[in-house]
Amino acid sequence: MEIKKVLVLGSGPIKIAEAAEFDYSANQALKALREEGIESIILSSNVATIQTDRSIADNVYLLPLDYRFAERVIEKEMPNGIMIGFGGQTALNVGIDLYDKGILEKFNVEVLGTSIEGIRNALSRFKFKELMKKYNIPIPPSAVAKDEKEAIEKAKEVGLPVIIRVSFNLGGRGSFIARTYDDIEKNVKRAFAQSKTKEILIEKYLEHWKELEYEIVRDKDGNAASIACLENLDPMGTHTGDSVVVTPAQTLDNQEYQEMRQAAIKVAEAINLVGECNVQFALDPNSKQFYVIETNPRMSRSSALASKATGYPLAYISAKLALGKRLYEIINDVSKKTYAFFEPSLDYIVMKFPIWNFEKFGVKGYLSSEMKSIGEVMSIGRSIKEAFEKGQKMIRAYIPKENSIKALKENRPYWYHYAINAYKKGYSLKEIANIIGVDEFFLSEIVKKEKKNNFAIKQIDTLAGEWPASVNYLYTTKYGLEDDISFEKKRKLLILGAGGFRIGTSVEFDYSTVLLAKAAKKYFDEVSIINHNPETVSTDWNEVDKLYLEVIDLETIEKLNKKESFDYIATFTSGQIGNDLAIKLENKGMKLLGTRGINIERAENRETFSKALESLNIKQPPFVTARNKEEIDKFINEYGFPLIIRPSHILSGLGMFIINNREELKRYLKKAAFFSRGYPVVISKYIENADEAEIDGIGDGNNSIGVTIKHIEEAGVHSGDSTMYTPIEKEISDKMKEIALKIVNEFEIKGPYNLQFIIKDKEPYVIELNLRTSRSFPFSSKSINTNLMEYAMKGIFSKFEFDGFFEPEHKLYLVKSPQFSWLQIKNAYPYLSPEMKSTGESGAFGKEMHEALLKSWLGVQPNRLPKNKILIYGKNNLLKEVYEILKNKFYILSLDELYINGDSLSKKEVLSEINNGNVDLIITDGYLKNIDYRIRRRAIDLNIPIVLNARLGLELSKAINKYGDSIFNI
Amino acid sequence: MYLYLEDGTIIEGISIGADKEAIGEVVFTTAMNGYVESLTDPSYKGQILVFTHPHIGNYGIPKKEYINNVLSNFESEHIQVSGVVINNTNNGFKYNKLYSLSEWLKEENIPGIVIDDTRLIVKKIRDNGVMKGGLLKKESSKELVDNFNYSNIELINEVSPKEIIIHGNNRYKVLLFDFGVKHGIIRELIRRNLEVIRISYKMNFEKYINEVNGIVYSNGPGDPEIVSKYFDKIKELSEYKMPTFGICLGHQLIGIAFNGIVKKMKFGHRAINKGVFDVINEKAIITTHNHGYAIEKLPEGFKLWFYSIDDKVIEGMINNDLNIITTQFHPEAGPGPLDANYIFDIFANMVEKWR
């Protein structure tokens with residue numbers, strides 16, 4: 001059958017273990033389809049991604065990844081092929097559902113690439129084990145269990161310690177290491193809850209064995225190659241997503257490397273792979289014994305990393321293979337002369353470092369077989385030390401002060417920080433290696449002193465210099481004596497990327513970066529990006545004229561600028577990194593694209609910003625910039641509690657709290673000291689029960705285009721954690737626009753800005769101005785189906801064709817819902833506050849707000865429609881209204897201590913209802929940790945949907961009541 | 001210490017290994033591990049080898065291990081290169097480590113140099129072709145390099161055996177003409193239950209010819225045209241129609257014997273990541289290469305078996321009438337992927353079935 005139209009499944013919102021790598025992957029697949037002249041459709045609920053931009057696919061469906069929605073899309077579009085390997089585990093699961101329910105057969109849709117049978121063989125722990133035995137591929141001693149009792153029995157057979165692995169799961173969710181039977185009993189329920197097939201594997205725990213991953217490509221004829229071998233510095237037992245990774249592998253001899261390579265290709269053959277898979281190995285550090293652990297027959301985080309590390313675009317090649325091409329027929333994308341059938345050779349070292357955000361959840365993090373990191377960075381150097389040092393500059397992480405040896409023993413994040421400290425204190429490398437199981441080779445390199453002062457620009461060419469490269473995928477090195485490229489005098493723009501993801505900085509910024517790069521091409525001869533997040537589209541070397549995979553800091557940019565002489569530097573799509581650098585770059589004589597650095601500084605500084613608002617007669621909540629205790633007291637005497645407190649220069653509400661009394665204030669001031677980076681704290685009156693609203697706009701210095709947005713949750717919930725919708729009531733949006741115009745003129749805003757308001761009694765108060773693209777920028781652009789970045793370029797270099805504030809017409813409502821990753825942040829208490837905690841977002845359109853809301857909410861994992869019992873409890877009176885709406889269709893339970901209505905249950909009874917799987921949905925509100933910690937936590941661990949805000953609960957219950965199951969038919 | 005190239009490039013670096021100078025042809029390998037195998041590969045005899053991967057020596061040097069008096073973890077008894085150019089090294093860490101790279105180089109009396117930008121050298125060789133060069137203690141020794149002329153046949157004499165060596169004891173025997181054979185080749189033959197009678201091209205082979213069921217022409221260093229002037233028995237031996245396998249230099253010598261055209265390549269193939277296409281089985285495999293010459297025109301009576309996917313170089317031939325198979329690449333790998341291993345199966349099968 002000739003393939004004419006293909007549906008590509010995305011991965012939905014960003015969550016721990018499914019991040020921008022799937023934006024990149026699906027983006028590459030869509031590019032390959034376009035090249036082959038095949039019509040493409042993308043289905044994903046992630047409104048922030050580039051793949052859901054209308055310019056990438058022929059048609060975009062912003063809908064939850066659920067087979068019911070997918071069926072609607074298939075019915076309407078009638079594609080004859082589907083690609084399910086580019087959207088992570090989420091897409092695979094939907095693909096399998098579509099297959100099992102006969103939907104693919106019914107509509108005659110062919111699965112492109114690896115077959116469903118092959119995927120099942122790979123992902124069912126049981127089937128995979130049998131298959132490996134059949135192919136004589138070594139696997140560790142293990143047994144499969146289907147229930148809790150069997151788990152203990154099988155653990156006895158295998159022998160402790162064991163590692164529990166889950167079938168069809170994501171990011172090691174639910175898996176754990178058990179040293180006692182008690183460990184199994186405590187954790188196994190949670191493990192089963194994470195498996196689509198209710199199946200777990202009990203495997204011998206290979207403590208301190210090396211962990212390696214091979215990335216294999218294979219075509220329909222069975223030609224196969226190993227594109228990269230990624231060596232985890234962390235040993236077995238730490239999830240690879242949480243491991244420091246190096247490629248190429250550094251500590252394997254030829255025999256080890258090649259035998260595992262051969263086994264990896266055999267695994268690919270066993271599952272009849274067509275496309276790409278990664279095969280994970282454990283290798284004994286003291287012999288040549290190795291075992292295959294698992295395979296992922298799809299694009300993955302590691303395949304994105306391997307692509308960026310080697311210059312071999314795995315997702316793109318994989319898509320071509322799925323369309324029936326052979327490896328030796330596809331041209332090497334980097335050399336443009338050689339073919340895709342080869343194994344890249346690297347004359348540089350690539351390292352990947354994870355970023356964790358435990359400090360945002362008030363819990364201590366421990367690394368284990370379950371992934372917990374939020375983001376990652378990739379560094380390139382001509383030595384391990386060089387790559388390591390760059391990585392340290394890139395992660396920009398908060399590393400808690402701890403006793404080094406204790407931290408190492410407890411397997412805390414950022415082990416290298418503690419290892420170096422321990423070494424400085426006199427512990428030997430061997431002693432440290434024995435504690436953490438990291439090869440002494442790496443430890444010896446990272447503690448090395450390296451004195452090099454060169455600065456040379458080198459190309460990544462996939463072939464270690466053997467063939468010239470035709471693309472400018474670049475890094476810099478202290479080890480270089482000459483540049484690989486020459487520098488021409490032309491009109492040049494450098495765009496700063498947003499770096500590694502962390503809570504508050506995610507794919508939204510990448511969307512803006514990439515769209516800016518595209519829009520800027522008309523205005524510049526050469527557009528370059530500097531960034532170092534291996535997951536993203538912005539680090540795809542084909543998106544720009546030059547890609548610098550580098551540290552984004554003043555030093556690097558200055559050195560690059562010396563060689564390149566950029567005409568402009570764009571900082572406004574780079575999140576907080578760009579904000580911090582803007583004024584510094586301007587002070588060094590570099591020219592910023594858009595609004596001047598001095599005005600950015602004025603907006604960032606609360607004091608100067610508030611003065612400007614005063615002079616413009618714009619209302620704002622009472623506030624004070626306090627440098628000492630007395631100034632705070634004076635404010636409290638005048639306005640009282642509650643108040644919002646934060647340091648200036650912030651992103652994602654870091655260090656921002658609502659303070660209700662003096663006790664809380666005391667605690668905050670003690671804790672916040674380390675956040676403050678030398679700026680005073682800002683205190684403003686917290687206006688209770690107010691609405692929050694925003695404008696995402698583009699200015700041309702005088703006029704503005706933009707979108708007005710409102711939050712469903714009250715002000716005080718961080719905008720990144722709120723449910724947003726647009727369009728909003730005209731009466732309010734008109735007032736907001738009037739204010740925005742004044743501000744655009746005052747700050748001479750050219751390019752993107754985000755203006756935040758509190759709305760009380762229909763009166764907007766300005767609370768914040770950010771002179772950069774915001775997290776909601778892609779949401780806003782998509783809501784009006786307008787490429788706002790093109791307006792940004794226009795606003796910067798000329799004038800808009802209109803006067804005043806222009807908000808294009810909304811054809812539909814668009815709602816965005818936050819995606820949290822509570823499950824992986826063990827022990828964290830799920831609640832909403834001014835401090836952002838979500839990792840991603842889902843979005844959906846609707847003819848009216850509630851339709852869009854319900855779809856959008858269903859796009860978030862693990863949300864699903866309730867069938868029978870709903871638990872409602874809390875202090876907020878709105879919850880009573882929620883009860884009234886839901887009581888007719890559902891059986892309502894409530895907790896006696898925080899009773900709302902319906903059946904009153906004790907805490908113990910509630911927990912038992914949750915454990916037995918009887919509760920379909922929980923709706924609550926506020927911070928009730930002392931009472932309901934165990935309820936919220938248990939619900940999270942068992943994948944039960946939970947609504948943490950009464951206002952959202954109310955709107956959602958209206959939506960559920962109105963639409964119910966019929967939502968799947970719209 | 002300095003690395004000097006005949007085009008005038010001079011780079012200062014840090015000396016490791018033996019405290020002496022070295023002069024030779026400068027070549028590079030893009031293999032990222034397997035440095036023990038590379039350094040002991042006799043095909044590199046007399047050459048200064050640049051490693052493109054920035055860290056070499058990471059897992060140290062293990063103790064030599066033998067099976068049937070064939071080395072199982074080295075490609076020959078000694079380091080074969082005359083000099084080593086790397087970017088970075090350390091002590092090496094592994095459970096079976098015996099020496100660090102630097103210690104081993106000292107032990108074997110081979111000098112090495114650590115320089116900052118090995119990529120610069122690779123690019124020069126890529127653009128200008130293989131060059132003479134030297135690891136020199138002082139800049140003024142440059143003349144030594146400029147006046148250096150090496151005799152190819154001497155290289156082969158150095159690496160080929162001084163007496164007949166027999167590996168294994170089996171019903172089926174093969175005669176191996178050793179021009180500097182990699183132990184990996186012998187290993188693969190023995191693994192398939194073949195006895196290997198290993199002789200130098202200078203020795204009398206007549207007495208074995210009736211005992212053996214097959215002939216192997218090994219790899220080896222240098223210019224095949226020159227070697228063929230000293231060894232011209234291939235055509236004569238082919239008249240037995242005995243299963244014959246030529247590898248690398250052996251492949252080129254067969255080409256010359258049958259009037260094929262062999263040319264020096266601009267900078268050769270020295271890597272373990274190269275795709276070749278098996279025309280007969282319609283299959284692509286990743287292979288290990290180490291050759292600076294290539295057959296440009298197929299000799300009469302030979303069919304194309306393998307070609308390089310990237311630059312279409314002839315990488316293997318077959319002559320069904322004469323029972324000859326050849327590969328330009330190294331099916332034994334060492335270092336490198338094991339994809340081409342099946343070629344030894346084909347050869348062993350031919351040997352067993354003959355007569």
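Trainee: Which residue stands opposite B:D278 in β20(B)?

Mentor: As a general idea, strands of a sheet pair through backbone hydrogen bonds, either parallel or antiparallel. In this predicted model, B:D278 stands opposite B:F306 in β20(B), and that pair belongs to the antiparallel pairing of β18(B) with strand β20 (residues 303–308) of chain B, which runs over three bridges.

Trainee: And in which sense does β20(B) pair with strand β21 of chain B, and over how many bridges?

Mentor: The pairing of β20(B) with strand β21 (residues 314–319) of chain B is antiparallel and extends over four bridges, with B:I314 in β21(B) as the bridge partner of B:Y307. The two strands form a hairpin with five residues between them, and in the turn B:K312 has a positive phi of about 65°.

Trainee: In what order do the five strands β1 to β5 of chain A lie in their open sheet?

Mentor: Reading across the sheet, the order is β3-β2-β1-β4-β5 (chain A), and the pairing is parallel. Since β3 (59–61) and β5 (110–111) of chain A stand at the edges with a single partner strand each, one side of each is left without a neighbour in the sheet. Helix α1 (residues 21–35) of chain A packs on this sheet, where it touches β1, β2 (39–43) and β4 of chain A, and its direction makes about 160° with that of β2(A).

Trainee: How many bridges join β1 and β4 of chain A, and which residue is the bridge partner of A:V8 in β4(A)?

Mentor: Strand β1 (residues 5–9) and strand β4 (residues 81–83) of chain A are paired in the parallel sense over three bridges, and the bridge partner of A:V8 in β4(A) is A:M83. Leaving aside residues up to four places away in sequence, A:V8 touches A:A26, A:A29, A:L30, A:S40, A:I41, A:I42, A:M83 and A:F86.

Trainee: Which residues touch the most other members of the largest nonpolar core?

Mentor: They are A:V8 and A:M83, within a core of 433 residues. Helix α17 (residues 507–520) of chain A gives the most to this core, with eight residues. Domain 1 (2–137) and domain 2 (155–353) of chain B both contribute residues as well, so the core lies between them.

Trainee: How should I read the contact between those two domains of chain B?

Mentor: In general, the size of an interface is often given as the accessible area lost when the parts come together. Here the description rests on residue contacts: 28 residues of domain 1 of chain B are in contact with 29 residues of domain 2 of chain B. On the side of domain 1 that touches domain 2, β4 (22–29), α1 (35–39), β8 (70–71) and α3 of chain B each supply at least two residues, and β4(B) gives the most, with three residues. By class, that side of domain 1 has ten nonpolar, 13 polar and five charged residues. The centres of the two domains, taken over C-alpha atoms, are separated by 25 Å.

Trainee: How many residues of chain B are in contact with chain A, and which elements of chain B supply at least two residues each?

Mentor: The contact involves 41 residues of chain B and 48 residues of chain A. On the chain B side, α3 (118–128), β18 (261–278) and β19 (283–297) each supply at least two residues, while the classes on that side are 16 nonpolar, 16 polar and nine charged.

Trainee: What is the strand order of the open sheet that contains β35 to β39 of chain A?

Mentor: That open sheet of five strands has the order β37-β36-β35-β38-β39 (chain A), with parallel pairing, and its edge strands, β37 (903–905) and β39 (946–947) of chain A, each pair on one side only. Strand β35 (residues 869–872) and strand β38 (residues 919–923) of chain A are joined in the parallel sense over four bridges, with A:L871 opposite A:I922 in β38(A). Helix α29 (residues 907–915) of chain A lies across β35, β36 (891–895), β37 and β38 of chain A, running at about 135° to β36(A).

Trainee: How many residues of helix α27 of chain A are buried?

Mentor: In helix α27 (residues 849–858) of chain A, ten of its ten residues are buried, including A:W857 and A:K855. The buried residues of α27(A) pack against β29 (724–726), β33 (813–819), β34 (840–846) and α31 (950–963) of chain A.

Key:
Residues are numbered from 1 along each chain as its sequence is written. Chains are lettered from A and ligands numbered from 1 in the order in which they are written. This is a predicted model: local features need pLDDT of at least 70, side-chain atom pairs count only at pLDDT 80 or more; totals for chains, interfaces and linings use all residues. Two strands pair if DSSP finds at least two bridges between them. Two residues are in contact if their C-beta atoms, placed from the backbone, lie within 7 Å. Axes are lines fitted to C-alpha atoms, for helices over the stretch in contact, and angles run from 0 to 180 degrees between N-to-C directions. Ala, Val, Leu, Ile, Met, Phe, Trp, Tyr, Cys and Pro count as nonpolar, Asp, Glu, Lys and Arg as charged, and the others, Gly among them, as polar. Domain bounds come from an automatic or database domain assignment. A nonpolar core is a set of buried Ala, Val, Leu, Ile, Met, Phe, Trp, Tyr and Cys residues joined through C-beta atoms within 7 Å. A residue is buried if 20 or more other C-beta atoms lie within 10 Å of its own, exposed if 12 or fewer, and partly exposed in between; C-beta atoms are placed from the backbone.
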